[in-house]
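Here's a quick tour of a single chain, written for someone who likes cut-offs spelled out. Have the sequence and the coordinates open as you read.

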Amino acid sequence: MPSDTRTEPRKPKFELSLSTLVVSVFLVLGLIIAGILVASGYHIARQAIEADIDRHRDRAQQIATLIVTARLHDVRQLLDLTVQESALRRAMANGNRQEVEAQLTGVYFAQEEGVVDVLFAHLFDADTIIDAGRQTHTAESLRRVVRDNRAFSMTDQVAALDMQTGREFFVLSSNAVLDPQTGRVLGSVYAGKSLSENV
């Protein structure tokens with residue numbers, strides 16, 4: 001006899017078996033371990049790259065220091081010889097601007113292989129700048145060097161000079177010129193060598 005009750009098909013029940021649980025746990029552990037390995041590998045690689053960059057930066061700094069020191073040595077040698085010139089000291093003592101300019105221009109154009117690119121004097125009495133160089137830097141730029149030199153008592157420095165075509169960096173040094181009779185300071189002579197952009 002037919003029955004009025006219908007039998008519904010049974011819905012499948014999700015059963016968590018032990019093997020599924022073990023596989024899931026191992027999969028999660030594997031992902032965690034892989035994540036730790038990737039993170040630690042990234043950290044180690046980053047430290048190695050940063051150490052390499054620091055090593056290259058230190059080497060570049062040493063090379064730049066050597067170049068600046070060598071150029072500064074050449075500048076100091078020329079400067080020491082220039083301020084010992086008796087004609088220059090006499091001209092500065094007499095306040096003879098034309099003679100000072102002639103002496104500095106003679107030194108500037110007599111130098112071998114362009115030891116200096118900047119050569120100028122600052123006379124204390126008249127607060128005058130006498131530029132014997134190529135005259136491509138602005139007078140205000142040279143005055144700024146003199147002011148900075150007096151303010152900070154710097155004998156050697158790397159400074160930016162404003163040129164007609166922009167700015168250029170120079171290693172600069174100065175030396176005081178003494179009166180041969182009285183020993184008083186008459187002024188200072190400044191000399192400098194241009195630094196390449198790489199330095």
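How much accessible surface does the chain have, and what share of it belongs to carbon and sulfur atoms? The accessible surface comes to about 13,700 Å², and carbon and sulfur atoms hold 57% of it. Areas here are Shrake-Rupley values with a 1.4 Å probe, and for residues only the protein chains shown count as cover.

A couple of ground rules. This is a predicted model, so local features need pLDDT of at least 70 and side-chain atom pairs count only at pLDDT 80 or more, while totals for chains, interfaces and linings use all residues. Residues are numbered from 1 along each chain as its sequence is written, and side-chain values use heavy atoms, with hydrogens and water left out.

**Overall layout**

The chain has four helices and five strands, taken as DSSP runs numbered from the N terminus (helices: H or I, at least four residues; strands: E, at least two). Read from the N terminus, the order is α-α-α-β-β-α-β-β-β. Of the 199 residues, 30% are buried (buried is under 20% relative accessible area, exposed is over 50%, partly exposed is in between, with a 1.4 Å probe and protein chains only). Looking at contacts with a separation of 6 or more, 55% are between residues 24 or more positions apart; a contact means heavy atoms within 4.5 Å.

**Inside**

Nonpolar side chains tend to be buried together in soluble globular proteins. A nonpolar core here is a set of buried Ala, Val, Leu, Ile, Met, Phe, Trp, Tyr and Cys residues joined through side-chain atoms within 4.5 Å. The largest one has 20 residues, and Met-92, Val-100, Leu-104 and Val-189 touch the most other members. Two or more residues each come from H1, helix H2 (86–94), helix H3 (97–110), strand E1 (118–123) and strand E5 (185–194). H1 gives the largest share, four residues. A separate core of 10 residues includes Val-118, Phe-120, Leu-161 and Phe-170.

Asn-175 sits in strand E4 (residues 166–178) and counts as buried because its relative accessible area is 19%. Its side chain makes a polar contact with the side chain of Asp-80 at 2.7 Å (N or O atoms within 3.5 Å; within protein, one must be able to donate a hydrogen and the other to accept it, and residues adjacent in sequence count only if both atoms are side-chain atoms).

**Salt bridges**

There are five salt bridges in the structure, each a side-chain nitrogen of Lys or Arg within 4 Å of a carboxyl oxygen of Asp or Glu. Here are some of them.

| Pair | N to O distance |
|---|---|
| Arg-46 and Glu-50 | 3.2 Å |
| Asp-80 and Arg-76 | 3.9 Å |
| Asp-117 and Lys-193 | 3.7 Å |

Arg-46 and Glu-50 are four residues apart in helix H1, about one turn. Asp-117, in the loop between H3 and E1, and Lys-193, in strand E5, link distant parts of the chain, 76 residues apart. Asp-117 counts as buried at 14% relative accessibility, and Lys-193 does at 19%.

**Outside**

Helix H1 (residues 18–83) contains Phe-26, which is exposed at 59% relative accessible area. Phe-26 belongs to a nonpolar surface patch that also includes Leu-18, Leu-29 and Ile-36, with about 1,100 Å² of accessible area together for the whole patch. Patches are built from residues with over 30% relative accessible area and no salt bridge, joining like charges within 9 Å and nonpolar side chains (Val, Leu, Ile, Met, Phe, Trp, Tyr) within 5 Å.
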